[in-house]
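Subject: Structure handover

Hello,

Here is the structure for your files. My notes on what was found follow below it.

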Amino acid sequence: SLKECGYQTGTGFMVGSPYQTVDNIVEDILFIEEFHPEMIGIGPFIHHGATPFADMPDGSVEMTCRLISIFRLMNPRALIPATTALASLEPEGRRKGIQAGANVVMPNLSPEGRRKYYSIYEGKAFSGAEGAEGLAALRNELNAIGCDIAIDRGDYDDKRKYC
């Protein structure tokens, strides 16, 4: 397996995906507990008008944050992103994700003029802090909730102290 070869691994799912049940979420939690990945990426499902799921309801910021907290308790050193999807559903969504236990904000490093081509759902949040050009705004946003940012590569480090 990749883990046995020394590679970092990650897994995750969209919270509130169409037809997802509580049993599915429990199965995902148990899988992630057994797999013990270095990164756990979860975010709320957001419908897209050009897909068969256009009329499906979006996932929940509240449930996503609860699950972030569960995964933080299960794996204190995991890299857990506060996704843009959280901020897209609720203006304070990313902050709530970080306060629930997320410790990663992944900037959009693609050129500003190309970002519209990478939208996987309509209404994707963009405050300016998500892009590399918004590093100062991101630092201020995180400092306001008692966190700081690291600008290194972001590899899993089981010795780093996270916010």
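**Aromatic pairs**

Phe-31 is partly exposed, with a relative accessible area of 45%; the term covers values between buried, under 20%, and exposed, over 50%, for a 1.4 Å probe and protein chains only. Phe-35 is also partly exposed, at 27%.

Before the rest, the conventions. This is a predicted model, in which local features need pLDDT of at least 70 and side-chain atom pairs count only at pLDDT 80 or more, while totals for chains, interfaces and linings use all residues. Residues are numbered from 1 along each chain as its sequence is written, and side-chain values use heavy atoms, with hydrogens and water left out.

The structure holds two aromatic pairs (rings of Phe, Tyr and Trp, the last by its six-membered ring, with centres within 6.5 Å; planes under 30 degrees apart are stacked, over 60 edge-to-face, the rest tilted). Phe-13 and Phe-71 make an edge-to-face pair, at 6.3 Å centre to centre and 75° between the planes. This pair links distant parts of the chain, 58 residues apart: Phe-13 is in strand S1 (residues 10–15) and Phe-71 in helix H2. Helices (H or I, at least four residues) and strands (E, at least two) are DSSP runs, numbered from the N terminus. Phe-13 is buried, with a relative accessible area of 12%, and Phe-71 is buried at 1%.

Phe-31 and Phe-35 form a stacked pair, 5.4 Å centre to centre with 15° between the planes. They are separated by about one helical turn because they sit four residues apart in helix H1 (residues 22–35).

**Arg-72**

Arg-72 lies in helix H2 (residues 61–74). What is the nearest side chain of opposite charge to Arg-72? That is Glu-38, 12 Å away, and Arg-72 is buried yet has no salt bridge (a side-chain nitrogen of Lys or Arg within 4 Å of a carboxyl oxygen of Asp or Glu). Lys and Arg count as positive, Asp and Glu as negative; His and the chain ends are not counted. Beyond its neighbours within four places in sequence, Arg-72 is in contact with Arg-77, Ala-78, Ile-80, Gly-101, Ala-102 and Asn-103 (heavy atoms within 4.5 Å).

**Helix H4**

In helix H4 (residues 93–100), the buried residues are Gly-93, Arg-94, Gly-97, Ile-98 and Ala-100. Seen down the axis, they fall within an arc of 160°, so they line one face of H4; the arc is that of the directions from the helix axis to the C-beta atoms. These buried residues pack against H2, helix H3 (84–89) and helix H5 (135–143). Just after H4, Gly-101 takes a positive phi of about 135°.

Regards
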